[in-house]
Amino acid sequence: MVIASGLHNIMTAAARKAARALNRDFGEVENLLVSKKGPADFVTAADRMAEEILVEELSESRPGYGFLLEEGGEIKGTDPSHRFIIDPLDGTSNFMHAIPHFAISIALERNGELVSGVIYDPSRDEMFRAEKGKGAFLNDRRLRVSVRTTMETALLATGIPFMGRPGHAQFLKELHKVSQQVAGVRRFGSAALDLAWLAAGRYDGYWERNLQLWDIAAGIVLVREAGGTVSDITGKKPLDGTSILAGNEVIYESLKAELKQVAP
Ligand code: IPD
Ligand code: CA
Ligand code: CA
């Protein structure tokens, strides 16, 4: 049984509402894929619409809180101690290609500290949620990070830089180093779900560079509350959001050591 705060429930309700709009649009994408224009503009509109729904729902319940939004940028609230950090659609490329692996990510920051996180995967109806000190949950089930402790058995997640992003050569170095030691490396295309799945014990470790705070803020709360460790790639905490390294305690340390050997 999840005993969540009222505000946490408001966050999950907002995520579900925005997800209904995304789901409708996801159905449309399949039709648009075959049109000459393609779904790119349509997806941008879907993304904005989801963000608007989230802002509307959350502001209605907590009018003074600020926002850090992927699409809308920073909105200062009258209450300077609280802000929501939101990625309305994480996994945009998947969405655009009609691949059902994307999520809505909402975090709450209080006095500069991440205290609550919600990541909702509409395709699987999986609601990942965590509040500081109250544990992490998938729907109503309590989450723990995995107990796998050897690199040989570890399944890792990562992100591959794409066109317009820096760090291609560095990524190849890291992959070359790490992939020789582990059971597998996945790149599924949603940083938020990578962290949620790590919290759920599906992945044992995760690293990625050149992210933004909205990609990972909710996931950080989930991983911590599921008993995992999270920092930037060099092991520095608190994170500024630009790079991330996470795992169960043991794999986190092993992965950090491997990455250190190929550090830029
Ligand atoms: C992206 C996803 C992806 C990560 C990219 C992000 P978006 O977010 O989280 O997994 O590798 O760096 O930009 O653009 O789909 O919201
Ligand atoms: Ca996004
Ligand atoms: Ca994102």
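Reader: At roughly what angle do the axes of helix α4 and helix α7 cross?

Author: In this predicted model, helix α4 covers residues 168-179 and helix α7 covers residues 249-260. Their axes come within 9 Å. The angle at which they cross is roughly 130°.

Reader: Is α4 roughly parallel, roughly antiparallel, roughly perpendicular or oblique to α7?

Author: Roughly antiparallel requires an angle over 145 degrees, and roughly perpendicular covers 65 to 115. The axes cross at roughly 130°, and this makes the orientation of α4 to α7 oblique.

Reader: Which residues of α7 are met by α4, and how do the residues of this contact divide by class?

Author: From α4, the residues taking part are Glu-174, Lys-177 and Val-178. They meet Leu-255, Glu-258 and Leu-259 in α7. By class, the residues of the contact of α4 with α7 are three nonpolar, no polar and three charged.

Reader: How are helix α1 and helix α2 oriented, roughly parallel or roughly antiparallel?

Author: Helix α1 spans residues 6-33 and helix α2 spans residues 40-61, with their axes 9 Å apart. The two pack at an angle of about 165°. Angles over 145 degrees count as roughly antiparallel. Therefore α1 stands to α2 as roughly antiparallel.

Reader: Is the crossing of α1 with α2 left-handed or right-handed?

Author: The helices concerned pack with their axes 9 Å apart. As α1 passes α2, the crossing is right-handed.

Reader: How many nonpolar, polar and charged residues does the contact of α1 with α2 have?

Author: On the α1 side the contact includes Ile-10, Met-11, Ala-14, Leu-22 and Val-29, and on the α2 side it includes Phe-42, Val-43, Met-49, Ile-53 and Leu-58. Charged residues are also among those in contact, including Lys-17 and Asp-25 of α1 and Glu-57 of α2. By class, the contact of α1 with α2 has one polar, four charged and 17 nonpolar residues.

Reader: What are the protein donors of the calcium ion (ligand 2)?

Author: The donors lie 2.1 to 3.2 Å from the calcium ion (ligand 2). Along the chain they follow the spacing E-x16-D-x1-L.

Reader: Which residues are the protein donors of the calcium ion (ligand 3)?

Author: The donors of the calcium ion (ligand 3) have the spacing D-x2-D-x124-D along the chain. They lie 2.1 to 2.3 Å from the ion and are Asp-87 (OD), Asp-90 (OD) and Asp-215 (OD).

Reader: Which residue coordinates both the calcium ion (ligand 2) and the calcium ion (ligand 3)?

Author: The two calcium ions, ligand 2 and ligand 3, are 3.7 Å apart. Leu-89 is buried, and Asp-90 is buried too. The residue that coordinates both ions is also buried; this residue is Asp-87.

Reader: Why does Pro-161 count as buried?

Author: Pro-161 is placed in the loop between β9 (155-158) and α4. Apart from neighbours within four places in sequence, Pro-161 is in contact with Pro-166, Gly-167, His-168 and Phe-171. Buried means under 20% relative accessible area. Pro-161 counts as buried because its relative accessibility is 18%.

Reader: What is the relative accessibility of Gly-205?

Author: Gly-205 belongs to strand β11 (residues 205-209). Leaving aside neighbours within four places in sequence, its contacts include Leu-155, Leu-198, Ala-246, Ile-251 and Leu-255. Gly-205 counts as buried, with a relative accessibility of 0%.

Reader: Is Ala-98 buried or exposed?

Author: Ala-98 lies in the loop between α3 (92-96) and β4 (103-110). Although Ala-98 is not a glycine, its phi is positive, about 60°. Its relative accessible area is 19%, and the limit for buried is under 20%. Ala-98 is therefore buried.

Reader: What is the relative accessible area of Asp-125?

Author: Asp-125 is in the loop between β5 (113-121) and β6 (126-131). Its phi is near 50°, a positive value in a residue other than glycine. Asp-125 is partly exposed, and its relative accessible area is 41%.

Conventions:
Residues numbered from 1 in each chain as written. Chains lettered and ligands numbered in written order. Predicted model: local features only at pLDDT ≥ 70, side-chain atom pairs only at ≥ 80, totals over all residues. Heavy atoms only, no water. Donors = N, O, S within 2.8 Å, 3.2 Å for Na, K, Ca; no water. Buried < 20%, exposed > 50% of the residue type's maximum accessible area, 1.4 Å probe, protein only. Axes fitted to C-alpha atoms, helices over the stretch in contact; angles between N-to-C directions. Helix = DSSP H or I, 4+ residues; strand = E, 2+ residues; numbered from the N terminus. Parallel < 35°, antiparallel > 145°, perpendicular 65-115°, else oblique. Contact = heavy atoms within 4.5 Å. Left-handed = near helix turned anticlockwise from the far one by under 90°.
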